[in-house]
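Dear colleague,

Please find below the structure that I am handing over to you, followed by an account of what was found in it. I would be grateful if you could read the two side by side.

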4 protein chains.
Amino acid sequence: MYNDIFVKEDKLREECGIIGIYDKGNMEIENLTYYGLIALQHRGQQSAGIAVNRDGIITCYKEMGLVSEVFDDKILNLLKGDISIGHVRYSASGENFAANAQPLLVKYKNGNIAVAHNGNLINAGIVREHLEDQGMIFATTTDSEVIASLIARNYKVGVEDAILNMMGVIKGSYALVIMTNDKLIGVRDNYGLRPLVIGRRGNGYVLASETCALDTIGAAFVRDVEPGEIVVIGEDGIRSIHCSSIIPQSKCIFEYIYFARPDSIMDGISVNQARENAGMILAKEQPAEADVVICVPDSGTPAAIGYARQSGIPYAVGLIKNRYIGRTFIQPSQVSREIGVALKLNALKANIEGKRVVMVDDSIVRGTTSKKIVQALKDAGAKEVHVRVSSPVVTHSCYFGIYTPNRKELVGASRLTEAIKKKINADSLGYLSIEGLLESVGSNGEGFCTACFCGKYPMEILEGCINDA
Amino acid sequence: MYNDIFVKEDKLREECGIIGIYDKGNMEIENLTYYGLIALQHRGQQSAGIAVNRDGIITCYKEMGLVSEVFDDKILNLLKGDISIGHVRYSASGENFAANAQPLLVKYKNGNIAVAHNGNLINAGIVREHLEDQGMIFATTTDSEVIASLIARNYKVGVEDAILNMMGVIKGSYALVIMTNDKLIGVRDNYGLRPLVIGRRGNGYVLASETCALDTIGAAFVRDVEPGEIVVIGEDGIRSIHCSSIIPQSKCIFEYIYFARPDSIMDGISVNQARENAGMILAKEQPAEADVVICVPDSGTPAAIGYARQSGIPYAVGLIKNRYIGRTFIQPSQVSREIGVALKLNALKANIEGKRVVMVDDSIVRGTTSKKIVQALKDAGAKEVHVRVSSPVVTHSCYFGIYTPNRKELVGASRLTEAIKKKINADSLGYLSIEGLLESVGSNGEGFCTACFCGKYPMEILEGCINDA
Amino acid sequence: MYNDIFVKEDKLREECGIIGIYDKGNMEIENLTYYGLIALQHRGQQSAGIAVNRDGIITCYKEMGLVSEVFDDKILNLLKGDISIGHVRYSASGENFAANAQPLLVKYKNGNIAVAHNGNLINAGIVREHLEDQGMIFATTTDSEVIASLIARNYKVGVEDAILNMMGVIKGSYALVIMTNDKLIGVRDNYGLRPLVIGRRGNGYVLASETCALDTIGAAFVRDVEPGEIVVIGEDGIRSIHCSSIIPQSKCIFEYIYFARPDSIMDGISVNQARENAGMILAKEQPAEADVVICVPDSGTPAAIGYARQSGIPYAVGLIKNRYIGRTFIQPSQVSREIGVALKLNALKANIEGKRVVMVDDSIVRGTTSKKIVQALKDAGAKEVHVRVSSPVVTHSCYFGIYTPNRKELVGASRLTEAIKKKINADSLGYLSIEGLLESVGSNGEGFCTACFCGKYPMEILEGCINDA
Amino acid sequence: MYNDIFVKEDKLREECGIIGIYDKGNMEIENLTYYGLIALQHRGQQSAGIAVNRDGIITCYKEMGLVSEVFDDKILNLLKGDISIGHVRYSASGENFAANAQPLLVKYKNGNIAVAHNGNLINAGIVREHLEDQGMIFATTTDSEVIASLIARNYKVGVEDAILNMMGVIKGSYALVIMTNDKLIGVRDNYGLRPLVIGRRGNGYVLASETCALDTIGAAFVRDVEPGEIVVIGEDGIRSIHCSSIIPQSKCIFEYIYFARPDSIMDGISVNQARENAGMILAKEQPAEADVVICVPDSGTPAAIGYARQSGIPYAVGLIKNRYIGRTFIQPSQVSREIGVALKLNALKANIEGKRVVMVDDSIVRGTTSKKIVQALKDAGAKEVHVRVSSPVVTHSCYFGIYTPNRKELVGASRLTEAIKKKINADSLGYLSIEGLLESVGSNGEGFCTACFCGKYPMEILEGCINDA
């Protein structure tokens with residue numbers, strides 16, 4: 001997205017955000033969906049789509065681009081209805097054009113079904129092959145089409161049982177909103193890897209990836225969808241079905257570190273609070289002798305505030321981000337190299353010059369950006385730059401819906417902290433420990449997936465069957 | 001399209017044009033496909049798409065818009081390959097957005113398959129239902145997806161037999177180009193309702209709806225694909241398979257009247273020649289005492305020239321078309337009514353004033369435009385206006401790939417010629433007879449579908465199962 | 001323009017079209033101006049502009065692009081008023097961006113003045129220098145700004161006398177529409193080099209370059225503005241002022257050959273009639289033994305019809321133009337050369353093959369296109385190609401508002417007809433004589449500028465003071 | 001601009017940013033200008049323009065839109081040269097289209113001159129009338145054209161003396177970059193109302209509104225242009241001319257409060273430091289009993305940090321701004337009212353709920369937004385909301401280049417603080433005093449214009465001669 005081109009190049013990336021609304025008689029369900037997606041835009045900026053159901057007829061519109069670019073008044077006016085689902089997506093590189101934008105809308109025996117998915121199936125390839133053996137065709141490479149196919153072929157048992165069956169077949173992470181001819185259904189995988197919440201707005205219901213979408217459209221938070229739960233919203237209100245398998249929860253902890261919006265509350269934990277906590281614990285674990293604490297805007301802010309509060313070192317603004325760097329802006333590749341960083345992040349000399357600086361960031365992936373920022377701070381006169389990271393070293397790839405670079409691109413996969421410190425030219429470097437991170441979300445060590453820091457995945461990853469898309 | 005907004009509103013409309021190229025080692029197959037589609041643009045102006053095969057990996061790009069709007073250098077550069085298919089489409093009203101643009105690209109057991117279709121299946125609904133009974137899902141409402149599904153579920157017998165099987169199931173009109181992992185396949189329905197020709201370019205082969213596409217890209221015409229023929233182009237060259245059913249041919253005669261480009265040669269007949277012939281026969285069947293013969297630009301030109309030549313009445317330009325009326329142009333609905341016609345077609349007073357005018361048009365569908373033009377000619381001082389139409393009265397709808405208005409909108413469905421004459425305010429009105437029309441294409445009365453003039457459809461039309469899309 | 005990219009590259013080009021409307025109380029003057037400009041679009045396709053006067057406040061909007069691209073509903077709604085002027089322009093190469101689009105709107109002592117100009121001043125440089133000596137600044141390089149400056153500095157004598165003074169200073173060709181706070185004024189240079197007509201619509205008046213604009217907006221033709229006449233339209237109706245100088249008229253004869261729309265009547269002569277006449281005289285001057293007469297679409301049509309009529313050789317369509325080649329279309333420069341011509345103009349084999357063809361064109365400038373078309377006809381099987389041109393050999397550049405290439409690019413400037421024939425590979429080549437051309441417009445040899453054929457300019461061309469812009 | 005639509009509606013607005021570069025032999029001066037303008041984009045978002053000088057030929061391109069929208073690679077490639085000036089602009093409402101975008105490029109006796117202006121002339125109307133008396137015309141309503149005209153008419157004395165003369169005629173605020181055939185000239189008005197700095201990059205010189213533009217393109221800060229100084233940069237290096245009039249400086253203090261980027265250093269004062277100071281002084285002047293200090297993003301951040309530091313109350317993030325609200329985004333006017341605020345700024349409940357909140361903003365203009373934010377905080381559970389404003393009450397309009405609403409729209413013009421407090425529904429409201437503000441920039445009460453807070457304008461404002469444009 002716009003002003004995050006620079007910062008994001010060194011971040012992990014969420015791959016999707018989803019929303020669903022059921023509100024009979026509401027005249028502007030398409031607008032609510034639109035605004036809800038704008039609130040979830042940080043979860044995916046490459047495509048956006050909305051499907052609405054009007055008296056059983058489902059219409060879907062989706063395109064590459066930001067929500068505000070994809071939709072205008074004219075298009076939204078064509079999307080009137082009583083039930084809706086919406087999707088924003090970060091698509092991994094290598095995919096062609098718009099074919100894989102979501103929601104996916106298909107027709108099957110019992111009518112229409114539209115699916116929007118956040119997560120990643122690790123056995124999609126195998127399941128797909130199995131379905132192809134039976135003569136099925138696939139128009140996209142999305143997991144959503146696999147999911148829709150699995151539901152469709154069991155149409156005789158009804159959509160709810162078909163979904164239960166489907167959950168027995170697929171493996172991986174998924175938060176789903178599914179729209180049928182007359183229902184809105186939310187599904188969360190057994191591990192709870194991806195978030196999904198329930199809200200209430202007047203007589204209507206809202207499902208969304210994060211509570212910030214509820215706040216934005218004036219819906220009241222009801223509760224999180226539970227891991228392994230199917231929530232069915234229809235004429236008779238809301239009902240729950242629970243997938244029988246009992247397995248330990250394994251919620252993605254990176255949601256708290258970077259992906260989720262700080263104003264969201266996720267499985268009972270304030271995202272901002274978790275980040276402030278992380279900063280405070282980091283200050284205890286990795287203290288520094290310094291004059292000022294600064295953040296790397298925008299995501300590092302709460303952790304930096306927490307670090308400053310705990311350490312007693314004053315917090316100040318040390319880097320100014322140019323908010324006018326749009327997507328069409330011309331990359332300064334041809335111009336003298338030094339322009340790059342200053343164009344996007346300029347050091348605020350008055351707060352840096354002659355000082356020992358603690359620079360707090362929420363994560364380091366490749367390390368390339370950290371190096372540039374450290375240099376910029378030194379150019380601005382910093383006496384020392386102490387980098388503190390409010391999460392542990394990223395050492396392993398994620399297979400559950402997060403875009404991670406190849407392991408060899410992960411600066412932490414093969415290097416000790418000391419080596420990274422040298423690489424980014426910091427005077428000192430400290431990461432939060434895994435224990436500290438778990439403490440920041442109030443955990444005693446259970447309930448969260450920390451595989452990207454330790455390699456312990458919540459389920460077995462079969463070589464060769466990973467759908468990297 | 002651009003300058004045809006006005007004229008076309010009173011014409012029948014072709015629904016698609018297709019092209020396919022197989023040329024291993026050609027470095028610019030995507031450009032050839034692009035130029036070929038531009039040559040076929042008159043067959044459909046609402047969406048355009050190209051799929052290319054590079055070492056078995058098929059990439060597809062399609063969007064709403066003209067060929068020159070949908071594709072630019074950047075996109076064409078992403079479409080490099082050895083085999084390609086392309087499609088232009090006029091989509092019937094009521095369809096939502098871009099989902100039904102073609103080619104359709106799907107993945108199935110034996111790899112990828114891309115399909116582009118010109119025509120209309122009259123039993124698509126029934127077939128689709130049957131497939132849904134087996135748990136299949138459909139992502140579009142196109143006949144192409146039905147066709148691809150039928151091929152996919154027979155993957156075990158190989159693609160050629162699967163196509164033969166498919167031809168036994170589907171009913172209706174179809175010219176198809178199909179691209180698999182390593183082949184380009186052309187198919188024409190048993191009746192030969194829609195055209196398809198074979199061309200040769202260097203070592204490569206070209207399939208296209210019309211010969212004008214061959215001319216445009218410098219390919220030599222080889223022959224027409226025969227009704228019921230499957231043409232398979234691969235590493236070993238070109239092979240033919242013939243569908244066993246022997247049924248009388250029934251080629252669409254409207255291709256000669258209006259749809260095809262005049263420089264195309266279709267099933268051995270020059271389209272322009274057929275139109276000139278029609279004009280000459282019309283002059284014999286429907287003579288007129290007049291001073292000048294004019295055409296309604298642009299499609300009526302050859303018939304008017306034929307009429308003039310036969311009758312000995314001088315041919316002259318009588319109506320000037322404004323070629324700068326683009327699609328974004330503002331309709332003069334709010335402005336004084338009289339602007340409408342003159343903006344698009346202005347009478348050339350010097351050739352009209354004080355004269356008895358024969359105005360030759362190729363067809364009349366609703367009659368609304370004819371009325372306006374007759375009035376414009378009279379306003380310009382025509383003493384008499386004798387309307388001559390180089391095709392018979394359109395009385396029935398087409399179910400085989402031509403967009404026709406409802407029967408009640410067809411001015412000829414319920415009115416005698418005399419009544420139409422009054423409605424359009426002509427001094428006389430004469431249509432070509434069906435016999436005359438058949439004579440114009442050199443037929444003794446067989447081999448052509450003339451259902452839109454007489455209601456005799458080449459196959460039974462089951463009520464309720466017509467896929468109007 | 002769209003489909004004329006190809007043909008125009010070998011044509012002379014008109015540089016502007018203008019329109020002005022005065023109609024108090026008309027609610028849609030901006031729409032009328034818009035439609036009028038669309039009717040004049042053939043006179044210039046690179047920029048378009050409209051200025052309207054509402055109670056003395058003038059608003060102007062102009063951009064690069066076609067009329068239908070520059071204006072939409074939203075913008076036209078901002079252009080409400082009682083008086084308007086409009087302009088379309090072909091801008092000569094080398095000019096930067098949009099700065100020189102017209103109308104030009106300036107503020108001066110007596111209020112606002114907007115100017116739209118068709119033509120070219122040959123002493124603009126000298127006059128501009130003189131004004132700069134007095135401390136004036138110029139924001140554009142247009143003649144219009146020179147004209148506005150000359151009017152402004154004489155503001156004390158009133159706008160009409162200021163215009164008379166201005167006409168005494170400037171030299172060259174000009175048809176002008178000028179809008180002041182309360183008047184619409186039309187001006188035509190003493191030679192009548194550029195056309196301007198007066199129309200009447202209800203209580204309102206219209207000034208326009210051609211009568212086709214009057215027809216389009218439903219205005220009745222009143223008369224041509226006379227050479228040297230100033231027409232002032234205001235509250236009291238219409239008044240005429242005549243510039244005192246009496247000089248021989250010298251109307252641009254190329255308007256009849258190529259620039260004007262065939263349905264226009266210019267200084268009493270039907271453009272189409274003049275072209276048909278030219279074709280008939282050409283048939284007498286340059287007969288040919290042949291089987292068919294064809295035109296080069298679209299501008300050569302009337303002359304070809306005239307040639308056929310006079311010679312008795314049948315007229316037929318021989319070349320089909322692709323009307324879907326838009327401006328964004330990708331030039332086939334990288335593709336095999338042979339595609340170029342066929343893409344834009346395809347020979348209609350059925351009318352060409354085995355025949356001796358007379359190909360009639362209205363003019364040859366560089367000869368490059370003629371060569372390609374002759375080749376295309378021969379490739380289509382023409383036995384002989386006899387090129388006949390319904391105007392004389394272009395030998396000299398124009399300095400009066402027509403874009404002509406450098407003399408060395410004019411194929412006729414340095415070559416005899418025989419050499420041109422060889423260059424374009426025709427079997428014979430015949431041009432209309434200057435006398436024949438004059439006869440085609442009913443002239444006894446006077447009243448027209450034929451400088452581009454003979455070099456006799458109506459006024460002295462001072463070396464070094466020609467404003468080539 | 002993008003994400004500032006909401007916040008800015010209740011802010012004063014800077015009207016322009018300017019830049020100029022002189023760097024013979026630099027191959028990418030147009031890119032440097034482009035990046036410099038992106039760094040100045042916060043000073044104006046409605047139009048952008050660049051003019052470059054290549055061997056005395058000046059080319060100018062300007063359009064409505066953001067810098068990154070107006071320019072692309074293709075256009076920048078047309079703007080090669082050795083000297084350049086650039087401009088970004090916020091245009092006041094009521095202006096038509098793009099005519100007034102800058103730089104202004106004109107031709108006069110001594111060649112070309114391009115002017116970019118930040119500020120506002122208060123006697124432009126009178127000067128313009130005087131020039132019109134002499135027969136001059138004006139193509140725009142910009143002050144820049146008045147300035148260029150005044151320079152042009154004195155061309156005989158040379159451009160430097162002409163500028164000195166011009167400075168004697170015009171009244172108001174101005175920072176100018178002027179480009180002639182061979183020079184880059186910077187001018188700052190005698191009061192120093194608008195900022196202008198000098199930078200050095202390799203052998204080249206840079207003039208810019210703020211130092212952040214120098215940082216961005218890797219130029220070293222040299223010094224501020226002094227009030228009344230003319231800086232002439234040419235082949236011989238840099239020279240200074242000082243306007244003789246000695247008058248007290250009166251620099252715009254709002255630059256420090258809101259307009260300038262926090263990382264800029266302006267007349268020796270760090271903008272961020274001034275804002276932090278203001279927050280600290282505010283904490284002393286207007287203390288509050290509270291649990292948390294939050295800022296209104298983004299501009300209120302440094303003052304909130306200062307307030308927290310001084311008061312000892314913890315600083316926390318209390319409002320999350322949606323950074324994905326683009327300009328094309330659909331305003332929620334038709335949707336339920338409550339959506340409005342939450343869409344753009346969502347309260348971070350975890351930091352607000354049950355707390356007494358100090359909400360620090362940098363200024364209040366209309367008060368409409370403040371009211372909404374206070375409500376949002378209370379809805380999120382704030383026990384009390386204490387609004388603290390790090391500038392005094394805005395009571396008067398600005399005539400020197402800042403867009404201010406009508407006095408009657410200024411919430412502080414007619415209301416006491418107590419009444420404003422009620423209007424915005426705060427539990428308490430405190431403004432910084434004028435003395436405190438002056439202290440924050442290290443002033444003893446002199447050298448700054450504080451007219452918007454007290455009505456004491458640095459020069460007499462003549463009724464009726466104010467150019468409100």
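Is Arg309(C) buried, exposed or partly exposed? Before the answer, please note that this is a predicted model. Arg309(C) is partly exposed, because 18 other C-beta atoms lie within 10 Å, whereas a residue is counted as buried if it has 20 or more and as exposed if it has 12 or fewer. The residue is found in helix 11 (residues 301-311) of chain C. Leaving aside residues up to four places away in sequence, Arg309(C) touches Met280(C) and, in another chain, Pro314(B). Between Arg309(C) and Val293(C) there are 9.6 Å in space, C-alpha to C-alpha, and the two are 16 residues apart in sequence.

Relations between the chains

Chain A and chain D are in contact through 56 residues of chain A and 55 residues of chain D. On the side of chain A that touches chain D, the elements giving two or more residues include helix 2 (29-39), helix 8 (211-216), helix 10 (271-285) and helix 11 (301-311) of chain A. Helix 2 of chain A supplies the largest share, 5 residues. By residue class, this side of chain A divides into 29 nonpolar, 17 polar and 10 charged residues.

Chain A is superposed on chain D by a rotation of 180° with 0.1 Å of shift along its axis, at an RMSD of 0.1 Å. The two copies are therefore related as by a two-fold rotation axis. The same surface serves both copies, since 98% of the contact residues of chain A recur in chain D.

Chain B

In chain B, 6 strands form an open sheet in the order 6-7-8-9-13-14, with antiparallel pairing. Strand 6 (104-108) and strand 14 (237-242) of chain B stand at the edges; each has a single partner strand, so one side of each is left without a neighbour in the sheet. On average, neighbouring strands of this sheet are turned by 20° against each other, direction ignored.

Within the sheet, strand 7 (residues 111-121) and strand 8 (residues 172-179) of chain B pair in the antiparallel sense over 8 bridges. Asn118(B) has Ala175(B) in strand 8 of chain B as its bridge partner. Helix 6 (residues 143-153) of chain B lies across strand 6, strand 7 and strand 8 of chain B, and runs at about 130° to strand 7 of chain B.

Helix 2 (residues 29-39) of chain B is mostly covered, with 11 of its 11 residues buried. Among them are Glu30(B), Asn31(B), Tyr34(B) and Tyr35(B).

Chain D

Chain D holds an open sheet of 6 strands in the order 6-7-8-9-13-14, and the pairing is antiparallel. Its edge strands are strand 6 (104-108) and strand 14 (237-242) of chain D, each pairing on one side only. Strand 8 (residues 172-179) and strand 9 (residues 184-188) of chain D pair in the antiparallel sense over 5 bridges. In strand 9 of chain D, Arg188(D) is the bridge partner of Ala175(D).

With kind regards

Methods: Residues are numbered from 1 along each chain as its sequence is written. Chains are lettered from A and ligands numbered from 1 in the order in which they are written. This is a predicted model: local features need pLDDT of at least 70, side-chain atom pairs count only at pLDDT 80 or more; totals for chains, interfaces and linings use all residues. Two residues are in contact if their C-beta atoms, placed from the backbone, lie within 7 Å. Helices (H or I, at least four residues) and strands (E, at least two) are DSSP runs, numbered from the N terminus. Ala, Val, Leu, Ile, Met, Phe, Trp, Tyr, Cys and Pro count as nonpolar, Asp, Glu, Lys and Arg as charged, and the others, Gly among them, as polar. Copies are superposed by least squares on the C-alpha atoms of residues with pLDDT of at least 70 in both. Two strands pair if DSSP finds at least two bridges between them. Axes are lines fitted to C-alpha atoms, for helices over the stretch in contact, and angles run from 0 to 180 degrees between N-to-C directions.
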